[in-house]
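Please read them with the structure in view.

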Amino acid sequence: MQVTRFPVRARNTADRIAGFMAHLRLNGLSVGVAETEATLQALAAIDACDAGQIRSAMKAVCADNADRYARFDELFTAYWMNAGRSKDGKAEASTHQETASGSRSRFGILEETKRTESVGNHDQPDEQDSDEEVGSSGEGRLIASRTHQSERQDLREFVSPEDIKRAELVAERLARCIRDRRSRRRRMARRGVGLDFRRTVRASISSGGEPIRLFKTRQPDRPVHLVALLDVSGSMTVYARVFLAFLKGLVSADQRTDAYLFHTRLVRISDALRDRDTLRAVNRLSLMANGFGGGTRIGTNLARFNDQYAAQMVNGRSVVMILSDGYDTDPPNMIARQLERLKKRGCRIVWINPLLGWQDYEPVARGMAAALPYLDHFAPANTLEKLGRLEPYLARI
Amino acid sequence: MTWIDLKSDLAAAGYIASDDLTMALHLSMALGRPLLLEGAAGVGKTQVAKTLAEIKNTNLIRLQCYEGLDAASAIYEWNYQRQLLSIRAATDQGVSSDDIEERIFSEKFLLSRPLLEAIRQVEPPVLLIDEIDRADEEFEAYLLEVLSDFQISIPELGTIEATSRPFVVLTANGTRDLSDALRRRCVYSFVEYPDRRTELAILDKRCPGLNARLAEQIVGFVQALRKEDLEKKPGVAELLDWAAALAGLGVNDLAQDPVTLQASLVCLLKTQGDRAAIPTEVAQRLAGKAA
C-alpha cells in the first residue's frame, strides 16, 4: 500500500482532507470532490476530536462497497497514524502558521497525527526501513501487509506491449465466440425474422380473418460472460506471461468480463486490467500480486471465490475459465467440493491446463483428477496460438 | 442529536447497532443523504429502517424491489378504470372534451405509489427501499433522479415537489452489483454478523426473561454454527426464532437433550444440504463447546 505523506503546504483541514482523498484514490477508492465535500460536512456533524468517530464517519462517506469498506481502516491508519514512525527531527515543522486556532483544536486528531516531513513528496511510498533509499522516480514500492512468499516478481516484465496486442486479438476473438449466444426462445420483435403466427392470427380476427398486421419474432441475445481465474503460482510462472496478456485482452474485449489472480490468495484484477494507462495498470497489478510465483492453494481460493464473488458474478449465463496446472497444496477433494458448489450456480466451467499440451501427460495431479467430473471442457494451452485454437470448442459449450 | 444519543435511542427501541453503523446512520441524517446498507441476509438491515421510524415516530414507507419493478408500481399510476368511468359519465352529460381532460388528469385520479407517497407526507417519513439489487438497472437510474432532487414530474400534471424530505434507507444483498452512481450518492455501511457480546444484548432485548445461561449457550452455538461450512448462515432473525422455540419447548440446557436440539435446528438451518451438514454429533460438539 502506498502511503502519502503530508505536503508542507497543507494549511487547513480541507487541505489535509484533500490529501487524504488523494491517498484513497491512489489506493483504488473512487472518491472525488463530492466525497471531499461530504467528508468535511460530516466532520462538522460529529465530534471531530475523536479518532474513532472520524474513522467511522469517513468510512461511511468514502467507502462504497464491501471490499473497500473492509480495507478502509487499514488505509485510514496508514495515512493518519503512520507519521508516528517518521523521524522526530523532521516531524517538527508541522504546526502551521496561520491555521486558525479554532480549527486546530476542533480537529484534534488531524492535528496530532499530521506530522509533516519537510520534503513534502506527495507520492512517495512508505518506507519500512528508514535508511532504505527511495528512488526519485516517484514509482510505487511494494509493502506487503502479510508476506506470503518472500520471492516477489514484478509483473512488469511479464507484459510487453506486443504481447498485449497479440493477446488482445486472440482474446477478443475468443471472448466474442463465447459471448454471442442466442436464446432458444422467441420473443416478439419489430424487426424479427420469423412470423408470430399466434399473435398474427389473433389480430386477424378484427379484420375478419385477413392477416393484415403481421407480428414477428426473433431469438433475443443472451450474452454469456466470462469469469477468468488465473493461477500465478511457482509452477505456472513460465506461462503467466502469456496468460496475463490474454486476460488483459479478454477484459478489454468485454466490459462484463471478470478476472482474478490467485496463488495463496485470491485477488480481483478486473479493474486494474481495465485501466487504460498500461503502465499504471501494471503497477496496480504488481501491488496486488505480492506472492506471485509462490505456492498454490486452488481449493482455498475457489472457496474464497465462491464465498465472496460468485453470488454476484456467476450465474447461468457465465463461463468460468480456470487457467491452472492443477498442482495444489490443498487436499484434493477440496477442489472437487468447491467446483461442485460453483457448478450449482448453473455456469459452465472450462479448465485450461498448460501441462496438458505435453506429450503423455495424464491428469495425475490429484486435485486435477478430482476436478475432472465437474468440467465442461478441459483443454491444453501453453501458448497464445494454442489458446486461439480453443475457439471451436468454446463456441460449442 | 449526537451519534451517542442515536445509539442509545436505537438501543432503547430494541436495536443494538455497531459503532460504524450508528455513525453511518447519524451522518446520513446530518448530511441528508440516503443510507445504503449491505450485508448477508438476516443481519438486521431492514430492521434498521423500522427502528428508525419508531424512534423518530414517523411513518415507514416500504418499497420492496423485485425484478421487473417499474415506475408505474413504484412512483405513480393513473387510475384508468376510474378515468374511463368518468369519461363515460361525462359524455352522457355532454361535457366538452377539454373539460373531460381537465377532470381526468387531476390528483383525484392519481394513484400514488411508495415513492410519490413518501415525498408528499407532512412529516418526513422513513422510506425503506428494500433489496434494491433485485430491481433492474433502469429502475435504479430512475431512482437516482428521484433521490437527488426529491421531485417527481408527471407529464399531465407538472412537477410535484417534496413537501418533506424523506429519510431514505436502501438495502442490498449482493444479487448484482449496484451502479457506482448510486453508491456515490449514498452513505454506505456494511453490516456484519454481530459479535458475541452484541448478540447477547440483542437476545436480552428481544427475548427478555430467557435464562442467562441458556442465552449464552444459544449465542455460542449460533456463533459456532456460522463458522461451519454452510450454504446459508443463520442470521439474527433465525437466532431469535430459535431462542423463542427453545424457550417454548422448555429446554434449559442445550447439551442435555440431543433429540430436541436436533429437531429444533429447523429454525436455524433452512436448506437440505445444511441439515445434512450438521448431524447430531456435530450439533452436540457445537453445543458442548458453547456450554
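1. Start with the open sheet in chain A. Three strands run in the order E1-E3-E2, paired antiparallel. Strands here are DSSP runs of E, at least two residues; helices are runs of H or I, at least four; both are numbered from the N terminus. Two strands pair if DSSP finds at least two bridges between them. The edges are E1 (187-188) and E2 (194-195) of chain A, each pairing on one side only. E2(A) meets E3(A), residues 216-218, through two antiparallel bridges. Gly194(A) sits opposite Thr217(A) of E3(A).

2. A note on the basis. This is a predicted model: local features need pLDDT of at least 70, side-chain atom pairs count only at pLDDT 80 or more, and totals for chains, interfaces and linings use all residues. Residues are numbered from 1 along each chain as its sequence is written, chains are lettered from A and ligands numbered from 1 in the order written, and side-chain values use heavy atoms, without hydrogens and water.

3. Next, the contact between chains. 22 residues of chain B contact 27 of chain A (heavy atoms within 4.5 Å). In chain B, Asp20(B), Arg184(B) and Tyr188(B) lose the most area to chain A, together 28% of what that side buries (buried area is accessible area, 1.4 Å probe, lost by two parts on being put together, summed over both).

4. Four salt bridges are counted between chain B and chain A (a Lys or Arg side-chain nitrogen within 4 Å of an Asp or Glu carboxyl oxygen). One joins Glu231(B) to Lys344(A), with the closest N and O atoms 4.0 Å apart. H2(B) gives the most to the side of chain B that touches chain A: seven residues.
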